There are 4 protein chains.
Amino acid sequence: LHARKRIAVVVTARPSYARITTALEALYLRGDVDVSLIMAASSLLERYGRVSDYVPFPIHARVYSTLEGANHETSAIETGLLEVQLASQLSHLRPDMVVTIADRHETLATAVAASYQNIPLAHLQGGEDTGSIDDRVRNAVSMLADLHLPATDMAAWKLANMGVRGRICKTGCPSVDLALRAKSLPPITTIPHGVGPQIDFSGRFLMVLYHPDTREDPTGHIGAILRACGRHNLPIALFWPGEDAGQEIIAKEIRVLNPHVPFQVFKHLPAPEFLKLCDQAVALVGNSSVGIRECAFLGTPVVNVGLRQEGRERASNVVDVPVNEAEIAYAIQQQIDHGTYERCFLYGDGHAGELVAAALMEVA
Amino acid sequence: LHARKRIAVVVTARPSYARITTALEALYLRGDVDVSLIMAASSLLERYGRVSDYVPFPIHARVYSTLEGANHETSAIETGLLEVQLASQLSHLRPDMVVTIADRHETLATAVAASYQNIPLAHLQGGEDTGSIDDRVRNAVSMLADLHLPATDMAAWKLANMGVRGRICKTGCPSVDLALRAKSLPPITTIPHGVGPQIDFSGRFLMVLYHPDTREDPTGHIGAILRACGRHNLPIALFWPGEDAGQEIIAKEIRVLNPHVPFQVFKHLPAPEFLKLCDQAVALVGNSSVGIRECAFLGTPVVNVGLRQEGRERASNVVDVPVNEAEIAYAIQQQIDHGTYERCFLYGDGHAGELVAAALMEVA
Amino acid sequence: LHARKRIAVVVTARPSYARITTALEALYLRGDVDVSLIMAASSLLERYGRVSDYVPFPIHARVYSTLEGANHETSAIETGLLEVQLASQLSHLRPDMVVTIADRHETLATAVAASYQNIPLAHLQGGEDTGSIDDRVRNAVSMLADLHLPATDMAAWKLANMGVRGRICKTGCPSVDLALRAKSLPPITTIPHGVGPQIDFSGRFLMVLYHPDTREDPTGHIGAILRACGRHNLPIALFWPGEDAGQEIIAKEIRVLNPHVPFQVFKHLPAPEFLKLCDQAVALVGNSSVGIRECAFLGTPVVNVGLRQEGRERASNVVDVPVNEAEIAYAIQQQIDHGTYERCFLYGDGHAGELVAAALMEVA
Amino acid sequence: LHARKRIAVVVTARPSYARITTALEALYLRGDVDVSLIMAASSLLERYGRVSDYVPFPIHARVYSTLEGANHETSAIETGLLEVQLASQLSHLRPDMVVTIADRHETLATAVAASYQNIPLAHLQGGEDTGSIDDRVRNAVSMLADLHLPATDMAAWKLANMGVRGRICKTGCPSVDLALRAKSLPPITTIPHGVGPQIDFSGRFLMVLYHPDTREDPTGHIGAILRACGRHNLPIALFWPGEDAGQEIIAKEIRVLNPHVPFQVFKHLPAPEFLKLCDQAVALVGNSSVGIRECAFLGTPVVNVGLRQEGRERASNVVDVPVNEAEIAYAIQQQIDHGTYERCFLYGDGHAGELVAAALMEVA
């Protein structure tokens, strides 16, 4: 008679949660595993949409570690602080496996807390390439992990080449599962929150998501993007930047911008609503990984600005441009002219959650 | 007119100091660089020979982080604690480059503290392979580093294959520089400290160094090794284990052992004395990396016991055996019969320190 | 020949800085002391006015420790995190004396970091009484301190009664020195920043400052205060709450309030401008200690709402009311009818900074 | 219907455990309370007798925080580190009351972790006076506590005078309960462990316990004590010093001492055995609080050396001397001549545990 398996999942940011949701669902649907969900870092914070409030699963522990005054120094300090707290929690819990997702600086804290204690570590989204500090963190986490669940074939191949320990199992990205579900949701017409005039989403509109990148000073970037969008006389749904160092600069610029087109600003939307909006948008402009991953599946045209997604595998729906108003405007026109792309399964076919759950159970 | 370069070197353990000494000397001999030496973790502790007391260079800061009760949990906690303190120190110092050495769990704290703050990180001894948790840490550090200074060609090749960022420059290991110097020291006859009867080192003797390995329960190991040595009726110079998790088990066994041969126990010797002893020993028995690295250069016969050095490149001076008294005893006999080996330059030719200093100055 | 004395001052919040400014000036005017100013916690954060940007003195170190998601748990964590970092910094600096100010939770981190290392600790504002968790922290800090620089005679008497170690020297509060200076500044007419319509400060207006108190749920409080103020048809200068646990609730309510009177919101003003405004206001309403301390000297009528200042010594300029719209409105009317009060030297006569500096130099 | 009360007890050192044992027993004997015992800091460490191994109650969590290389800096760092971990643990647990014991530097971490989170804090052994840094810590903890359970009337009076919050309830010290039990144990003749020749405890012997004090350099102290004992030609039972800063100096001296009298060294004995030995000894020499507290009840003559217990209330069984060989030798002779003292109830009558449990249950 075997003991029930015990799996701990550590979520350290809102986007990570979207990339594990369907795997959590699949684990909960099985009767033979105890899941301990640890919500940490920015996943607990109102400023970043406090995803912990929307989680339908029981939360085992909440671990605060995000420092105010986001800068490069605080990234290092908060990683250490999270490491100390997770080491305590995981030592107490002693699960059969710990799951960490993607590449934010805090993921390395989870990886150290688990692997230094000889608790097997599973890593989702390893082997990708974006050309930023995230690459280093992601690869460092892969080096500490025991089970690798990359999203693409190329990523799996890179992990093998890197010489990581343990099994590599390509699963696709669970966030694409949510994109598949969004396809069958009814169209959105208006969203009665956010700041600014309500956009009529049954018409044509652009979506803008732009996050800071650790390698660049983001001063002036969001201004260039929004002026470029403004040239096309379409309403803009703008999303607030994430919590990386440099975020304050972008947020400040957004506060003083005054584009002449209708302009609604959202901090966060629930994943289904957000992905449906991606599905409906004429184009998505900015540097979010959503443009690369979920939009490949959705077929939404994407204008990818700047270096942040550099090196990441992309489908034909993405046009890359530097941070330059004219170039961005021109690419948007190209994408408007092209219209929706064919669905592409590069980052998964919508059933990654089940594959992740199965791999975790087999190896844990 | 250029500003003087500023290089910070973080030493977190006694062996790491031996692997950077000649590079520090070479940096100090140049007039154009400020070196900030940070001594941290076990390098400050009496139990591990407090190497900070013997350092001839000015010490910029002493950072305490080693927890008592060494176990797997404390490794994770102390890495986090060191990260917090080093992040503060390096943020204040803002050097042009930070140097970290080898693969102990604390090295990842240095790597995070520097790389998350965009301070270029140089890593010595990357790309090696020992089959233990150290491999993971070493590779994770390599993934965060910007300048790689591996000891061997094979290690350089592995780093390139892994896809690390930045330059790779094979320098050899500075610890071999000390082995070269030891060759020209006068022979040691006795050492008037250590516990137990003084051995006459002008005669034939065995050296034993055995450290815990995170993958194995070390219970009974040191007993098997010492009984195997005892069969050869040679005096034994035994060195106290390092501070890894599991160290207490070995230390306890040493305290109750009572071999019938002369048996002198050392906690630590200064590097020159220690290496001279390696040079004079009939054979070195155990699982220390000194057997693999410095002894390759010295030509000392080595009986390498157990998994700890598994996968590490070795010269012909090493015979590998499992933790089994008879096997160890047989291998010792083989090595006694063979006698001293040819000098091998696998881990350097004795001039690595200068190469390391030159590479740091070029890239910083 | 004596060595120059070395004094480290740790500032962990904007208000603390105002309470040490003139003492820092007095220390810098002497030629015989080295001052190391350490800015920590919320004093570094934009959200709390980043007082570190306005400090005219050199800053020795910046220590980040404030966690996002302010709640009771994070107070404890951030105190520990600050303790670790300050212990490192002070061990490196080894000053002759460390100065800590007042009673925020972080002050205990400074007190532990200094006193546990046998570095003499000076404490300003000990011996006061406000009936909140601050009392406990303040008294705990006094218990660790070696030199006590209370603001009032009563506070000095309480410290003596408590049985603290070391000398007690009543100095008055250096923040009153700034109030004295504000008296001679030209009147303010408008302030061209802040949110909302610009108030004409040459006319009559009310000032509102309301902070959360750890013992009460602040829901509804700021609403009651602002409606009470609105009954008097005077413009309102409203100041954003400080960073205590509970601050988000007040901030949220402020965002949705829509009083019918002119209403300008400030995050922070430089101390001289702020105190001049206090001097000009018809009355100050809320629970800020400024109403109790600086306004006693300025003679500004104060309506003190709720428990936060309970137990603090006050002059006749303060009327106390519970959190009740009608009571607050009635008390405002009383204060309007009374008009400005006589200047009272309860918290100092405007020369505390010099007394603090002299005491520090004598004891350090 | 009331929920069961939940009480968390945090033990951070071996002596603290002895001072809460009978209260824990009394709580467990009640059916209406859940006790969460958290073992932290040196209570987990082999070097200090790992009291966690001997605890008959379930241990809720083990929290490692003790740094190696005990010095003044590490005390501050480890307090911060413990604070972070306990804040996490207590936030997760949210008990109705947290219990902390006595005055070691780590107790302040427990006090902050609980009181900053508004969890009521009970403090045993407040209000005492020893003239060392411990006084400051003890008083600071009292200032943060909500329920005070002092051992003596004088301590209760001091707490009241200090102006602490909450109830004060004199209970006596639960360690005296163990002394009462020891009275009815059969006499000890030999103890077959410890280092050195086995003493015949059925004969006359001296006991020595000497701990470092933060205010003094302990160099030479233990030597003076042991030479003074040696003059009386009685065998000596010597106990290893505790883990305060300075402990290494004493430990080193003990290792090189070579008194001419029989001399058996113990790291730790279980409390019953230890107290029985105190009961049998001709005299106890040193600076342990056991001499002041338990020995008052037992009537054992005590020669109290140096400043460490200065200011602590004492019964007539104690003779105080400075650290001076002749003075110590003379006082030992006085005590030998006097013989056993009358039982004194200054620190309790042997039923403190029940009183502590009752007070906790009433207030929690």
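Predicted model: local features only at pLDDT ≥ 70, side-chain atom pairs only at ≥ 80, totals over all residues.
**Entry 1: chains A and B**

I started with the pair A and B, and found that chain A and chain B bury about 3100 Å² between them, with 58% of that on carbon and sulfur atoms.

Next I looked up who takes part. On the chain A side there are 37 residues, and they are in contact with 37 residues of chain B. Which three residues supply more of the area that chain A buries against chain B than any other three? I got Tyr116(A), Arg136(A) and Arg165(A), which supply 24% of that area.

The rule finds 6 salt bridges across the interface of chain A and chain B. I looked at one between Arg136(A) and Asp146(B), whose side chains meet at 2.8 Å, N to O.

Which elements of chain A give two or more residues to the side that touches chain B? My list reads helix H3 (72-93), helix H4 (107-115), helix H5 (133-144) and helix H6 (153-162). H3(A) gives the most, with 13 residues. Sorted by class, the side of chain A that touches chain B has 16 nonpolar, 14 polar and 7 charged residues.

**Entry 2: how A and B are related**

I superposed chain A on chain B, and a rotation of 180° with 0.0 Å of shift along its axis does it, at an RMSD of 0.0 Å. That is the relation of a two-fold axis. The same surface serves both copies, as 100% of the contact residues of chain A recur in chain B.

**Entry 3: chains C and A**

Now for another contact of chain A. Chain C and chain A bury about 1600 Å² between them, and carbon and sulfur atoms give 51% of it. Glu46(C), Tyr64(C) and Glu68(C) supply 40% of the area that chain C buries against chain A, more than any other three residues. The contact takes 19 residues from each chain, C and A.

How many salt bridges are there between chain C and chain A? I counted 0. I did get 4 residue pairs in polar contact between chain C and chain A.

On the side of chain C that touches chain A, helix H3 (72-93) and helix H9 (247-256) are the elements that give two or more residues.

**Entry 4: Asp103(A)**

I finished with one residue. Asp103(A) is found in the loop between strand S4 (97-101) and H4 of chain A. Is Asp103(A) buried or exposed? Its relative accessible area is 10%, so it counts as buried, the cut-off being under 20%. The side chains of Asp103(A) and Arg138(A) are joined by a polar contact of 2.9 Å. Leaving out residues up to four places away in sequence, Asp103(A) touches Asp134(A), Val137(A), Arg138(A) and Arg312(A).

Technical notes
Residues numbered from 1 in each chain as written. Chains lettered and ligands numbered in written order. Heavy atoms only, no water. Contact = heavy atoms within 4.5 Å. Buried area = accessible area lost by both parts, 1.4 Å probe. Salt bridge = Lys/Arg side-chain N within 4 Å of Asp/Glu carboxyl O. Polar contact = N/O pair within 3.5 Å; in protein donor to acceptor, adjacent residues only side chain to side chain. Helix = DSSP H or I, 4+ residues; strand = E, 2+ residues; numbered from the N terminus. Least-squares fit on C-alpha atoms with pLDDT ≥ 70 in both. Nonpolar A, V, L, I, M, F, W, Y, C, P; charged D, E, K, R; others polar. Buried < 20%, exposed > 50% of the residue type's maximum accessible area, 1.4 Å probe, protein only.
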